[in-house]
Amino acid sequence: MPPELPASLVLEQLLNGLQFGLMLFLLATGLTLVLGIMDVVNLAHGSLYMIGAYLAATLIPHTGSFWAGALLAVLATALLGVLLEVSVLRQLYSRDHLTQVLATFALILVFNEGVRMIWGPQALLLSVPPELSRPVRLFAALSYSAYRLTIIGVGLALAALLFLLIHRTRLGMWVRAGASNRAMAQAMGVPIRQVFTLVFGVGAGLCAVAGALLGPILAVQVGMGEHILILAFVVIVIGGIGSVKGALVGSLLVGIVDTAGRAFLPMLLVRLAPPEVASNLGPALASVLIYLLMALILFIRPEGLFPARA
Amino acid sequence: MSLLQVRGLTKRFGGLTALFRCDLEVQPGEVHALIGPNGAGKTTLINLVAGALQPTEGRILFDGLDVTRTPPHERALLGIGRTFQITNLFGHDTVLDNLALAVQARSGSPFRFWYPVHRERWIFEEARRFAERVGLLDRLGVQAAALSHGEQRQLEVGVALAGRPKLLLLDEPTSGMSQEESHRMVDLIRSLRGEVAILLVEHDMDVVFRVADRITVLVEGRVLASGTPGEVRTNPDVHRAYLGEAEGRRLMRRGRPRLPEGRPALLRVEGLKTFYGASQVLFGIDLQVPAGSVVTLLGRNGMGKTTTVRSILGLVPPRAGRIVFQGRNVAGWPPERIAALGIALVPEGRQIFPNLTVRENLIAFGANRSGRDDPWQLDRVLHLFPRLRARLGHLGCQLSGGEQQMLAIGRALMTNPHLLILDEATEGLAPALREEIWGCLQTLSEGGQTILLIDKYVDRLLDLAHYHFILERGRVVWEGPSEALRADPTLWQRYLSV
Amino acid sequence: MASTRRTAIAPDFARRPSAVPEAMPTLRHRTGLLLLLAGFILFPLVAQTWRLEFYLGLLTRALILALAASGLNLALGYGGLLSFGHATYFGLGAYTVAVLAREGVRSAWVVWPVGVLLVALVALGVGSVSLRTRGLSFIMITLAFAQMFYYGVISFKQYGGEDGLRALRTDFGVSLGDVGVYYLSLACLVLCLALLWRIVHARFGRALRATRDNESRAAAVGFPVYSIRLAAFVLSGAITGLAGVLMVHHTQYASPGMLGWPQSGHLMLMVILGGVGNFWGGVLGAFAMVALEEVFHSVTIHWQMGVGLVLLATVLLAPRGIAGILEGRPR
């Protein structure tokens, strides 16, 4: 490792990557299960993330507590998710992918404008809870934001909880069975419709968690859902459709590669290429890195790393 | 010189070997039939010759050229035409347009951007000629999707012919057809003899013996026999392949099971009619399964056995008829509701969940749907299938075929069903394993389990089952107890074998 | 046995009788079209007297988007290719003009061919890679490429970065005013539609629709599916790129938003509004979309909500779009 690259910087970026990856995982899980079980491409998933952030930004000052407000936002978004599934998404199960893509894209427009109507066009301010705003010393070399550490903690806890749910409960077995062979699961008595509504609601709630937690770091504004949605799709394509394990591996991979790429690639390029080229190419390549990764994986293993279907 | 030469052709899908070292030759102008029991690899072979699949090993020579790596559209231009097992046409185009497209494709580059196609009148005149050839001249303006099933199969052949092939690959051309439609297809195939070589996959032995010059028999991916129809018909290996081992180690006791009279019907199917899209598969099935009995569904492939079972479970909604289970008509119910009443399926191809462990496959759906006093539980299932105990932590996809079969049965038993349905539960298994499974089924039956069974080894089933239904072309053509079936071997020849 | 999984099949919109009439338009159709064309030609002259200058700009925008949507319709409607990256070609066409203008090259005779050719080459590259995949993978890869180009373009700070780039109109020997751009757009649209009409009715168009309706059957009768799709993809991209060139002339501004995937979605929605796979789908959809946006714009600042709801309803309830409604129920 070159001498100008201190270990603390690398560690910091790795932690950032971990943090981002875990939040991506929250979004990707719902998305991959929806696609895996019901074969529905849902572009409006990012909108649920946005709505979760907006609700959190409103309810937190209202209740005076970060955690109470965030929890309420999560529950409200989960409920919204269930309503959305029962009303609009049900119409799309038997339709082809193009119709699903376009219908959910239209939903994005509706949600974006709806949010603008209710909260106005300005970005909302969501602050880090005061008790977590001071940095924490890690390994005596690194000073890291306590809030980000908390995010990592919450992310890991939820990942563990999801893992327990998916891999240790009967409901989880039903979900996994439904993701690999829906008809056979039904033939075994799994009430797949209800399971699906539940999965959708939980997925919506997870989006809201990510929205509320990332709100203080990224901006709470209309359109925040679109960018992260693309990344979530990249994650599930890499991880394999229908697999929560794949979503986890994929998100961590994407989170770390993206964050580290953005931090280190420009630095690396400056040493290899003339400055004008590097200053343009660096950020461009960094943004593009995960798409290149996805294209590579699609070529080698089109089904992804851990596909649910054999 | 042979028109088509297949040498040492092998196709593997992951761990599954669908074809192994197959050799085949088709002479110019001859009609060569490819037959074999379920899962033999016939359609895989057709797909390999057509180019839709790439072989793992082996070579394909056509008209002197090595076409093993040639893409499908180029093979079509070289003179290989094909029909598909499931009708595969340009659905929204008319009969005329379908044929015209095939004529167009065969006559020059598609990269012409300026000259309107409808001005090339000769294409449509040729198309009209082919329509007449296959008997669809009066249906030229009808959309392909609106044709009857038989007409669609005729159009399939027409589209393949319109490419002026030297070799025509027909994959189950008479599937789903009525008797009259089959006769028409036979006449058509006969009229082509000499003009075009035909490699034909068929299950209907009437058709095969009326058109074929030579027959090749495929069993479990290997060529078992090849020769004239007479040779094949009298070949004992072929009979054994279709009907099962005459001898062999028996785990099952020889018996003449007798069902006490007056048992109520657990399941009654009345006038069941089922369609796949526009094509009718079941034409009014009637059958009954008395409580506590073992009943079989027999018949060759493509006759509707699996469709009947899928209709019972609601996996395919029936178009007409009643499915009465314990007095309730469940036709049209969603599958999970029907399953909850106490019917469990061990499906064709096992279909265990690959992303669940053995233990999870078993316990995920466990229930006591028949309200038994001593229900099936994990321990008891593992006692029945000790082999699974060592594999509890393995994922479903890591098991061998035999182990998957046991797992599928165990999974069904764990729901404690009133009715256990098994579809081809012994297919692709070694003889010793088959015996094990039949032995286990006999044990279950003696314990009072009602079983509906689809299998082809009639010899064995006579010892196991009480009553039999034979299906042909979506209808029940014979029913009766084991003694009656045992007493009349001509039935076997007629409906079950070659 | 019927599979429960959805494979790459022709989408819902294709479940209708072939919308491409076998014969050339009837005399009545031709007269109608000529009258319409005359109307468009005369409009700017009339606009001055009746103080409708605002609508000149609106119509220009509609004409350009009609061209873009018609280009997309070739790949999406006739080819069945769900490209979520067509905005790339639109944006690259625009940026070529803007960048060349920034570098001092302003002759239209150089810039226009370079723009269209560049876009065609990019479409060739993207297409040759993407078309080796199917279904959801295809959507994702075209999306990925769109994002790559988006980030690539905005990384060039000297060409505006995230803010976009002002552009001067190219020089045809005479300088172009707004009316000039209008006529140029109209001319390009009419020419490209005529070209598309020929393409769609020629062997290529029939073969393309065959690959859309039933890929395995098309290959089995001898059509080289991959090559046909690639050709359609490149043509489609080039036409959309041309629309991008026109747009930057209209607005005199190249914005990165022209490249992003929401723009692709916008174009796709136009096509489905007008009628996917129908010859006039792109034109009808673009005009309807512009009209819809205008109507809602004048009614409320939350016009996107109205548009979004209308589009949602169209996708769910009238998947054959306006053309479908005009054609009436299928036989």
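Mentor: This is a predicted model. To begin with a helix pair, α3(C) and α4(C) pass each other in a right-handed crossing.

Trainee: At what angle do the axes of α3 and α4 of chain C cross, and within what distance do they come?
Mentor: They cross at roughly 145° and come within 9 Å. Helix α3 of chain C covers residues 86-102, and α4 covers 108-130.

Trainee: Which residues make the contact?
Mentor: On α3(C), they include C:Leu92, C:Gly93 and C:Thr96. On α4(C), C:Val114, C:Gly115 and C:Leu118 are among them.

Trainee: And by class, how many are nonpolar, polar and charged?
Mentor: The contact of α3(C) with α4(C) has 10 nonpolar and four polar residues, and no charged ones.

Trainee: Switching to chains. How many residues of chain C are in contact with chain A?
Mentor: 39 residues of chain C, against 37 of chain A.

Trainee: Which helix of chain C gives the most to that side?
Mentor: α5(C), with 12 residues. Helices α10 (261-274) and α12 (303-317) of chain C each supply at least two.

Trainee: What about the classes there?
Mentor: The side of chain C that touches chain A has 25 nonpolar, 11 polar and three charged residues.

Trainee: Last one, chain B. Where is B:Gly371?
Mentor: In the loop between α12 (358-363) and α13 (378-384) of chain B.

Trainee: Buried or exposed, B:Gly371?
Mentor: Exposed, because B:Gly371 has 9 C-beta neighbours inside 10 Å, and the cut-off for exposed is 12 or fewer.

Trainee: How far is B:Gly371 from B:His418?
Mentor: They are 47 residues apart in sequence, and their C-alpha atoms are 9.1 Å apart in space.

Methods. Residues are numbered from 1 along each chain as its sequence is written. Chains are lettered from A and ligands numbered from 1 in the order in which they are written. This is a predicted model: local features need pLDDT of at least 70, side-chain atom pairs count only at pLDDT 80 or more; totals for chains, interfaces and linings use all residues. Axes are lines fitted to C-alpha atoms, for helices over the stretch in contact, and angles run from 0 to 180 degrees between N-to-C directions. Helices (H or I, at least four residues) and strands (E, at least two) are DSSP runs, numbered from the N terminus. A crossing is left-handed if the near helix is turned anticlockwise from the far one by less than a right angle, and right-handed if clockwise. Two residues are in contact if their C-beta atoms, placed from the backbone, lie within 7 Å. Ala, Val, Leu, Ile, Met, Phe, Trp, Tyr, Cys and Pro count as nonpolar, Asp, Glu, Lys and Arg as charged, and the others, Gly among them, as polar. A residue is buried if 20 or more other C-beta atoms lie within 10 Å of its own, exposed if 12 or fewer, and partly exposed in between; C-beta atoms are placed from the backbone.
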